[in-house]
Amino acid sequence: MDEEIPVDVGLIYEGERIRKSSMYVDLAGPKSKGAELLRVVPPEEVEDGKVEVIGPDVDQMEEGGRYPLGIYIKVAGEKLEEDLEGVFERKLHYFCNYVQGFMHLNSRDIIWCRISKDAAKKGLKLYHIGKALVKLYKTEFDVIEKIQVTFYTDEKAVDEHIARARKVYEKRDARAAALKDEDVDVFYSCLLCQSFAPTHVCAITPSRSGGCGAVTWFEGRAAVKVDPSGPIQEIPKGEVIDPVKGEFSGINEYVREKSNGSIERVYLHSIFDYPHTSCGCFEAIAFYIPEVDGIGIVHRDFHGVTPFGIPFSTMAGQVGGGVQSQGFLGISIAYLRSPKFLQADGGWQRIVWMPSQLKERVRDAIPQEMYDKIATESDAQDLESLKEWLKQKGHPVVERLAEEEKAEEEAEEESQPVATVPELTLPAQGVPVAGAPAEFTIIFKNAKIYAEKVIIRRK
Ligand code: SF4
Ligand code: ZN
């Protein structure tokens, strides 16, 4: 692509995975930190084509090392609007993966990148990746007139960048949260993840952003304006079939078509019956825990195990791929802030477990009376301790459980015998018993008699 870049750049490298054994360095990721951010700024704030690396570049990094990473892209253009930031930012994942020997996973402040040994040997540096990004963005989006890329690997600079990025993510999410599904006539779809989850269609509405967290309704609207035939398209809302579950005829029809008929119906706000499909890059998973009739949430950054005894990664492997999984749902962190968050299942009243880090992060979205009733990894590590905790705290699901237990007891009571007799003799004419003689008597000892109805007749 560019003589300056010592490796190939192209779509064919998109699916390339860099395993630990072939990795030169690990950047950001679960054991370090990082964030990516793309901003639309006035033209005078962008030096077109400039790429900067603040901190050591790959040639100054130790083989096998782990470093924090910040990616900051500034773009300018007459037709650009702030609402496009999320969509362009999401593209970073795809463009980075075009670079041979460079792997980019996830989005926002959970990115995780690697450079392969082969690429490092050829001399690939972050600087080159920046140059490739400049070209790719400008080629794909005519509306981007100027672009500047900065990488941070210096720890302090990365920290500052993460703080800046989080403020922007929050602002974007808050803007989206102020609008509701009923306020608009058109929704958006995103088909970007069909490249690896062919039946996955993200339905993006004001009350539900895409699973990766990068595409909100506003961003969907802006994307359609600049790239009408791109992966983000309009979905006419159609009829409201169920406002609580979030079922719309427009979404059903669209998803049916774009999933080649494999998905018939979608509930936007429930993890039961027809939950939204999950691709693989969701920020968190909501999962049903039948033992307590509650819902847990686990996010990608949490490395411990859920009360099921499995970590996020194992659960993600079972949930993703573009299918509807009963009781499991890939979601964005922003969706936790949605006023319609799993409203058909009871919303926050039904949430029983989440990692402490996530609970703290969305503290403001959790109803005050629920905050202390939701267990974290330090309160409950398995189903037994979770049950105990919920009972102690008087969580709403416990009342439901108690009601269910009572109903079961009542059902048992209903089938109490109407009479118990020490011995009961029945003449057995007409009662067919295999192997018995033609005339015989049946004697029941300690017989319990169950009957639908008892009629007592005076002789
Ligand atoms: Fe698009 Fe959804 Fe994939 Fe995000 S998770 S890139 S919104 S399809
Ligand atoms: Zn995805």
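Around ligand 1 stand Arg-90, Cys-190, Leu-192, Cys-193, Cys-202, Gly-210, Gly-211, Cys-212, Ala-214, Val-215, Cys-279 and Cys-281, where a residue is taken as near a molecule or strand if its C-beta atom, placed from the backbone, lies within 6 Å of it. This shell divides into nine nonpolar residues, two polar and one charged; Ala, Val, Leu, Ile, Met, Phe, Trp, Tyr, Cys and Pro count as nonpolar, Asp, Glu, Lys and Arg as charged, and the others, Gly among them, as polar. The model is a predicted one, in which local features need pLDDT of at least 70 and side-chain atom pairs count only at pLDDT 80 or more, while totals for chains, interfaces and linings use all residues. Residues are numbered from 1 along each chain as its sequence is written, and chains are lettered from A and ligands numbered from 1 in the order in which they are written.

An open sheet of three antiparallel strands has the order 10-9-11; here strands (E, at least two residues) and helices (H or I, at least four) are DSSP runs numbered from the N terminus, and two strands pair if DSSP finds at least two bridges between them. Because strand 10 (202–204) and strand 11 (232–236) stand at the edges with a single partner strand each, one side of each is left without a neighbour in the sheet. From one strand to the next the twist averages 35 degrees, with axes being lines fitted to C-alpha atoms, for helices over the stretch in contact, and angles running from 0 to 180 degrees between N-to-C directions. Strand 9 (residues 186–190) pairs with strand 11 over five bridges in the antiparallel sense, and Phe-187 has Ile-235 of strand 11 as its bridge partner. Helix 5 (residues 217–226) lies across strand 9, strand 10 and strand 11, and runs at about 110 degrees to strand 11.

Another open sheet has four strands in the order 2-5-8-3, and its pairing is mixed. Strand 2 (34–40) and strand 3 (51–54) are at its edges, each with a single partner strand, so one side of each lacks a neighbour in the sheet. The twist in this sheet averages 10 degrees from one strand to the next. Helix 1 (residues 85–98) packs on the sheet, touching strand 2 and strand 5 (69–76), and its direction makes about 135 degrees with that of strand 2; two residues are in contact if their C-beta atoms, placed from the backbone, lie within 7 Å. Helix 3 (residues 126–140) also packs on the sheet, where it touches strand 3 and strand 8, with its direction at about 155 degrees to that of strand 8.

Strand 3 and strand 8 (residues 146–152) run parallel and are joined by four bridges, and Val-51 stands opposite Val-149 in strand 8. Strand 2 and strand 5 also pair in the parallel sense, over seven bridges, with Leu-37 having Tyr-72 of strand 5 as its bridge partner. Strand 2 is largely enclosed by the rest of the structure, because six of its seven residues are buried; buried means that 20 or more other C-beta atoms lie within 10 Å of a residue's own, exposed means 12 or fewer, and partly exposed is in between, with C-beta atoms placed from the backbone.

The loop between helix 6 (249–258) and strand 14 (284–289) holds Asn-260, whose phi is near 55 degrees, a positive value in a residue other than glycine. Asn-260 is exposed, with 9 other C-beta atoms within 10 Å.
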